[in-house]
Amino acid sequence: MPDDRRITIISGGQTGADRAALDFAIEYGFDHGGWCPRGRKAEDGPIPARYELRETPSRRYAQRTEWNIRDSDGTLVVSIAAEPQGGTRLTLELARRLGKPILHVARENASASGTNASLLSEFRLKHSIEILNVAGPRVSQEPEIVAFVAGVLGDRFYRKRRKVKPIGARSASKALPQSTVSDYRNCHRLSTTNHP
């Protein structure tokens, strides 16, 4: 079983699923990182410096999407919709094209909440994942995505890891609100689909 203490969560830094994953990592003491577009481009302006991301040569989102897939051991795609659009769909397509492991968790596929944790555990074990790329829609496309990502990651990692207060510059930053972490525990519509 992969050691949870060695997990690194990466993403492209966009609003929504990407930042929810990075916020979760910062709040609970996991290493984080990833590639973002040149200029730290995102839909709400430059990606805040608190996220330890490297810039790609291109300002195109597709390049950072591909590089995060390439540099991870596997990708977790989280969405509200069962049939994702835009960049989320591109992530699924690129992972398959590159032959990289991918797991898609979609709330619309309505299953028991515990299923997410077990599917993510099986996914990590099967592919020996230590660097987990997390991707999904931006907040303007799916406003509920932030809480759902916190729920998916929290179901798998929160109970197994003591909350670690970030140190240095991170301690002054605004991390994922505790209310978001507790909100997911009350959600009964968490669901998954596993794409091999």
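## Strand pairing and the sheet

Threonine 75 has isoleucine 102, in E6, as its bridge partner. E5 and E6 pair in the parallel sense over five bridges, where two strands count as paired if DSSP finds at least two bridges between them. Helices (H or I, at least four residues) and strands (E, at least two) are DSSP runs, numbered from the N terminus. This is a predicted model, in which local features need pLDDT of at least 70 and side-chain atom pairs count only at pLDDT 80 or more, while totals for chains, interfaces and linings use all residues. Residues are numbered from 1 along each chain as its sequence is written, and side-chain values use heavy atoms, with hydrogens and water left out.

Strand E5 (residues 74-79) also pairs with E7, in the parallel sense and over four bridges. Within that pairing, glycine 74 stands opposite leucine 132 of E7. The open sheet consists of five strands in the order E2-E1-E7-E5-E6, with parallel pairing. Its edge strands, each of which pairs on one side only, are strand E2 (31-33) and strand E6 (102-106). From one strand to the next the twist averages 25 degrees, taken between axes that are lines fitted to C-alpha atoms (for helices over the stretch in contact), with angles running from 0 to 180 degrees between N-to-C directions.

In a regular strand the side chains alternate between the two faces of the sheet. Both faces of E5 are covered: Gly74, Leu76 and Val78 are buried on one side, and Thr75, Val77 and Ser79 on the other. Six of the six residues of E5 are thus buried, a term that means under 20% relative accessible area, as against exposed at over 50% and partly exposed in between (1.4 Å probe, protein chains only).

## Helix H1 and the segment after it

Helix H1 (residues 17-27) is largely enclosed by the rest of the structure, because 11 of its 11 residues are buried. Among them are Asp18, Arg19, Asp23 and Glu27. Just after H1, glycine 29 takes a positive phi of about 80 degrees. Phenylalanine 30 then lies in the loop between H1 and E2 and counts as buried at 2% relative accessibility. The C-alpha atom of phenylalanine 30 is separated by 6.6 Å from that of isoleucine 7, a residue 23 positions away along the chain.

| Residue | Phi | Place |

Arginine 40 is buried, with a relative accessible area of 15%.

## Aromatic pairs

Rings of Phe, Tyr and Trp (its six-membered ring) pair if their centres lie within 6.5 Å; planes under 30 degrees apart count as stacked, over 60 as edge-to-face and the rest as tilted. By this rule there are four aromatic pairs. The pair of tryptophan 35 and tryptophan 67 is edge-to-face, because the ring centres are 4.8 Å apart and the planes stand at 80 degrees. Tryptophan 35 lies in strand E3 (residues 35-36) and tryptophan 67 in helix H2, so the pair ties together parts that are 32 residues apart in sequence. Tryptophan 35 is buried, with a relative accessible area of 13%. Phe24, Tyr28, Phe30 and Phe157 form one aromatic cluster.

## The largest pocket

The largest pocket has a volume of about 280 Å³. A pocket is an open set of points on a 1 Å grid over the protein atoms alone, where a 1.4 Å probe fits, with protein on both sides within 12 Å along at least five of seven lines; lining residues have an atom within 4 Å of a point. Grid points are joined across faces, edges and corners, and the volume is the space filled by probe spheres set on the points.

Of the 21 residues lining the largest pocket, Arg64, Thr65, Gly87, Thr88 and Gly136 are the closest to its centre. Helix H2 (61-71), helix H3 (86-98) and strand E7 (131-135) are the elements that give two or more residues to this lining. H2 provides the largest share, six residues. By class, the lining has seven nonpolar, 11 polar and three charged residues; Ala, Val, Leu, Ile, Met, Phe, Trp, Tyr, Cys and Pro count as nonpolar, Asp, Glu, Lys and Arg as charged, and the others, Gly among them, as polar.
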